[in-house]
Amino acid sequence: MIPDVTPSYIDRLEVSLGQEQALLLPERAIWLPHHRSLLIADLHIGKGMHFRKAGIPIPGGVVESDLLRLDRLIKQWHPAEVIFLGDLFHSQYNSEWDAFGLQISRIRTVRFSLVRGNHDILEQSHYDQFGIRVHPESMSLGGLILSHDQLAKPPESAYNLYGHIHPGFRLRGRGRQAVTLPCFHLGPRCGILPAFGRFTGIKAMTTRPGDRVIVLVNDKLLPVPAGQHA
């Protein structure tokens with residue numbers, strides 16, 4: 001895919017989110033250096049097995065790849081806390097939850113927190129088993145308010161980061177090629193993280209003046225010039 005603008009791929013991007021400084025990472029995460037926190041949305045562990053139990057053939061190895069990427073991020077950034085912005089686990093319990101729990105239980109230097117999403121329907125005991133702190137609707141962190149879906153009335157002074165939508169952007173090439181890829185979608189008052197789990201859909205986003213779109217292309221970031229926004 002060759003976009004209509006000269007590609008400018010980068011490894012990470014520093015941005016201001018309200019009063020907070022953050023690094024957007026091509027691994028579909030945000031690093032907050034001041035808080036030593038990693039933000040991740042929509043991991044959807046267990047989704048593949050959920051579909052297989054329903055008789056839908058899904059290739060294996062998807063959750064293992066996602067968990068390996070999470071492990072690499074933790075080893076690279078040494079966070080004090082990893083915060084999941086909802087849909088950590090997809091629907092009812094299955095054994096993929098135990099694989100995830102075994103992985104994080106070995107990391108004793110990191111707190112794990114979850115802002116509940118619409119798919120986070122496990123009993124509280126499952127989260128307690130692995131020491132995951134659960135926030136029912138939102139979580140404040142410095143000048144940020146973290147949620148799974150966009151908050152209707154966030155505090156005036158806060159920047160709302162959320163997931164849920166699995167945002168994407170449609171890149172168009174010179175030869176009428178087009179592809180929709182995951183992206184960070186950042187507005188003046190709120191921003192959306194891409195889905196961390198690779199076994200998810202993508203919703204092509206429309207943009208408004210003042211929005212910033214940063215597309216994920218082959219483990220790189222591609223900031224889209226404002227004139228290219230659809």
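Mentor: Let us begin with contacts, a contact being heavy atoms within 4.5 Å. Leaving aside residues up to four places away in sequence, Ile74 touches Leu38, Pro79, Val82, Ile107, Val110 and Phe112. Please note that this is a predicted model, in which local features need pLDDT of at least 70 and side-chain atom pairs count only at pLDDT 80 or more, while totals for chains, interfaces and linings use all residues. Residues are numbered from 1 along each chain as its sequence is written, and side-chain values use heavy atoms, with hydrogens and water left out.

Trainee: In which helix does Ile74 lie, and is Ile74 buried or exposed?

Mentor: Helices (H or I, at least four residues) and strands (E, at least two) are DSSP runs, numbered from the N terminus. Ile74 belongs to helix H2, residues 62-77. Buried means under 20% relative accessible area, exposed over 50%, and partly exposed in between, with a 1.4 Å probe and protein chains only. Ile74 has 7% relative accessibility and therefore counts as buried. Its C-alpha atom is separated by 9.1 Å from that of Ile107, 33 residues apart along the chain.

Trainee: How many helices and strands does the protein chain have?

Mentor: The chain comes to 4 helices and 16 strands. Buried residues make up 51% of its 230 residues. Among contacts with a separation of 6 or more, 67% are accounted for by residues 24 or more positions apart.

Trainee: In what order do the strands of the open sheet stand?

Mentor: Two strands pair if DSSP finds at least two bridges between them. Here 7 strands form an open sheet in the order E1-E2-E3-E4-E5-E6-E7, with mixed pairing. Strand E1 (13-17) and strand E7 (132-135) are at the edges with a single partner strand each, so one side of each is left without a neighbour in the sheet. E1 and strand E2 (residues 20-25) run antiparallel and are joined by 5 bridges; Ser16 has Gln21 in E2 as its bridge partner.

Trainee: Where does Leu171 lie, and how far is its C-alpha atom from that of Val215?

Mentor: Leu171 lies in strand E11, residues 167-172. With a relative accessible area of 7%, Leu171 is buried. The C-alpha atoms of Leu171 and Val215 are separated by 8.8 Å, and the two residues are 44 residues apart along the chain.
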